[in-house]
Amino acid sequence: MAISPSASGVSGANALASSLRSYARDHAVHLLVIAVLAAYPGVYAVAVNSPFSAEAVALLPRVETMVAVLYFGLFAVSFDFVSGYTGYLSFGHATFYGVGAYLVVLTANGKIPLLPASTPFVLLLVLGGLLAVVFAVIIGAVSFRLSGVYFAMITLGFSQVLYVFVRDWGYLGSNPRDGVAVTGRTEGFEIGVPGVDSLSLAVGQLTGDTVELLGVVHLTAAEVSYYMVGIVVLVCYFAMQRVVHSPFGRTLVAIRENEERARAIGYNTFYYKLGAFAISAFFAGIAGGLFAGYRRSVTPESGFYFLTTGDALLASIIGGFGTLAGPLYGHLFDEGVREFLSKGGSGGGLLPYLRENVGQGTMETVVYNGMTVGETIDVFLNGRAALYVGVVFVLFVLYVPNGLLGTVRDRLILSDRDD
Amino acid sequence: MVLRTRGLTKQFGGLTAVDGVEFDLAADECCSLIGPNGAGKTTFFDLLTGKLTPTAGTVELRTAGDWIDVTDAPPHRTAGFGLHRSYQITNLFTENTVRENVRIAAQAAGGDAMNCWHNAGAFEEYITEAEAILDRVGLAEDADESAGALSHGAKRQLEIAVALAGDPDVLLLDEPNAGVSSESVGDVVALIEDVATDHAVLLVEHNMDIVMTVSDRIVVLNQGSVIADGEPAAVRADETVQRAYLGGYERGDVDDHTEGAGGVA
């Protein structure tokens, strides 16, 4: 969303004014989104203590859910970075998420040679990203010999091999099939400046820091995690955003549009694709590290399994392929719908709301053939979240093929498209 | 000379598509390659650019006074050496704007394409170059359109613009006139004559009016072999060429190419 090509290309004196205008406008959108996200925990706290408490609890995602939206959203954004911009569907992307996550947990358990259990978390995030880059270069060097569906399949193959490997490698933990939890480190994983306690805050539901400021602001562990994870996600997003709008990023779009011609005008597309794959893996590794640091455990299913990639694909399609920020909104939408339709205890939603707020008399009214309203609600809502998410997904593919953000951009910025 | 091939041969199984072609192209020359369908013209282009690897023979380019062998060089390397082509079937970055199509090609010729930190808009030399090229091919007004939305004729112009943006020494034009309506033939001729002033041009074209008008030299390919090579007038008079390809082409059609626009297609 930075300076758009068409705006900066206007000749003459208009160029500067127009690019400044477009710069301010595009970053105004960024600032607005950041402000809304930053205000969210406060808004949520106020809303659940207001007279509309029941409605707020039912409709708004919990702050804990929002933390997951942020780190998984970063993973989905990194997936879009390679799949949406080069057109090569990285169907084994969960590999890089898993590599980042496992590195954090295993280091904390003292299982990684040369890295002490007390290694600063921020350093672990970077190392997890770099390890993911190594995996990406190896996997990409083989996979980019293929294209289209064959590329998707071979990357999927690599991730499934690694999935089986981490499931059965006894070195990782006592029962690797059920995943590995952090056991060797009791203190929380701190995000901030390594070694400076006053500039670092721990994340995690139980191990996270809480903050008291001037007796007015009180932040729970979940809220602190939300802000600290949010800062990392924001930095990563802006880094990827810069790459997308750089000459390198434009070349990726050219490869997506017409790889043969991109080669004919002088680009060695193999290296550009491999570079994009490595950059994307780096940020996926960081996302995995954030996930492991916050949850303090990782399973083969949450790391290397193809359904993890599937969730990123879902987020990208709902949010908008090739929009970079879209998958974050897509995942927010996905999680929001899931939580809204889930049972009580996992964030509340429509079902507990109806159970508590619909009168006993109405609940027992027979709707059809002896079935009461209460039973009907149960049949349609209890544990059916995945079904409705599936329906929403189908509707999106059919009617909103450009996704949430893609459609908004098309409508609002029709005259100067991003690419 | 800027380009030469020696004994260039390409076989697909039992079929010899290009058969021992000896070809030279001078730096200031506009040479046309003609021949019936299936004569091996596009295969010859693919061999020059490196899209195909020859079965035998060599392709050499002259850069900075030295001959370099590009026989086995892939397309992105031959492009780097200054050999650029346009396509018979329009082959553009369709979702991108017209300007971006040319800018990305200009960027490939510069050294900044691996830069992944600065905004592409900050490299103004490529944007300026793209604007200048669009102006030259007559597409300046469509710069903000998406390439896929252009009319067919405009897409053919953009084809040439993208090839020009790579700063070529040798420009290979593969039927720039393909599918263009007869009224626009004059525009295509003017464009070819214009780019031939500062590039070595090798043109594949079926429209004899265009070929006879713009060429300094004509090479006739039939079944993969060169059967004639010379001045337009000499080639036109050649008996073998007459039999193989030209059919009833008569002098006179050349002089008035608005009427004889259909030519021998």
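**Exercise 1. Overall form of chain A**

What radius of gyration does chain A have, and what value would a compact globule with 419 residues have?

*Solution.* The structure is a predicted model. Step one is the reference value: a compact globule with 419 residues would have a radius of gyration near 22 Å. Step two is the value for the chain itself: chain A has 23 Å, which agrees. Step four turns to the interior: 50% of the 419 residues in chain A are buried. Finally, among the contacts in chain A with a separation of 6 or more, 70% are accounted for by residues 24 or more positions apart.

**Exercise 2. Domains of chain A**

Describe the secondary structure and the domain division of chain A, then characterise the contact between the two domains.

*Solution.* Chain A contains 19 helices and eight strands. The chain is divided into domain 1, residues 1-60, and domain 2, residues 63-323. The C-alpha centres of these two domains of chain A are 25 Å apart. At their contact, six residues of domain 1 of chain A meet eight residues of domain 2 of chain A. On the domain 1 side, the residues divide into six nonpolar, no polar and no charged.

**Exercise 3. A helix pair in chain A**

Determine how helix H4 (residues 63-86) and helix H13 (residues 306-319) of chain A are placed relative to each other, and list the residues that join them.

*Solution.* Two packed helices are described by the distance between their axes and the angle between them. For H4(A) and H13(A), the axes come within 9 Å and cross at roughly 75°. Angles of 65 to 115 degrees count as roughly perpendicular, so H4(A) is roughly perpendicular to H13(A). From H4(A), the contact is made by Phe75(A), Ala76(A), Phe79(A), Asp80(A), Ser83(A) and Gly84(A). From H13(A), Ala312(A), Ala315(A) and Ser316(A) take part. By class, the residues of this contact divide into five nonpolar, three polar and one charged.

**Exercise 4. Overall form of chain B**

*Solution.* The inventory comes first: chain B has nine helices and 10 strands. Along the principal axes, the C-alpha atoms of chain B fill a box of roughly 60 × 45 × 35 Å. Of the 265 residues, 50% count as buried. Among contacts in chain B between residues at least 6 apart in sequence, 65% join residues at least 24 apart.

**Exercise 5. Helix H1 of chain B**

How many of the nine residues of helix H1 (residues 41-49) of chain B are buried, and which residue follows the helix?

*Solution.* Nine of the nine residues of H1(B) are buried, and the helix is mostly covered. Among them are Lys41(B), Asp46(B), Phe44(B) and Phe45(B). Gly50(B) follows H1(B) and has a positive phi, near 95°.

How values were computed. Residues are numbered from 1 along each chain as its sequence is written. Chains are lettered from A and ligands numbered from 1 in the order in which they are written. This is a predicted model: local features need pLDDT of at least 70, side-chain atom pairs count only at pLDDT 80 or more; totals for chains, interfaces and linings use all residues. Domain bounds come from an automatic or database domain assignment. Two residues are in contact if their C-beta atoms, placed from the backbone, lie within 7 Å. Ala, Val, Leu, Ile, Met, Phe, Trp, Tyr, Cys and Pro count as nonpolar, Asp, Glu, Lys and Arg as charged, and the others, Gly among them, as polar. Helices (H or I, at least four residues) and strands (E, at least two) are DSSP runs, numbered from the N terminus. The radius of gyration is taken over C-alpha atoms; the globule rule is 2.2 Å times the number of residues to the power 0.38. A residue is buried if 20 or more other C-beta atoms lie within 10 Å of its own, exposed if 12 or fewer, and partly exposed in between; C-beta atoms are placed from the backbone. Axes are lines fitted to C-alpha atoms, for helices over the stretch in contact, and angles run from 0 to 180 degrees between N-to-C directions. Angles under 35 degrees count as roughly parallel, over 145 as roughly antiparallel, 65 to 115 as roughly perpendicular and the rest as oblique.
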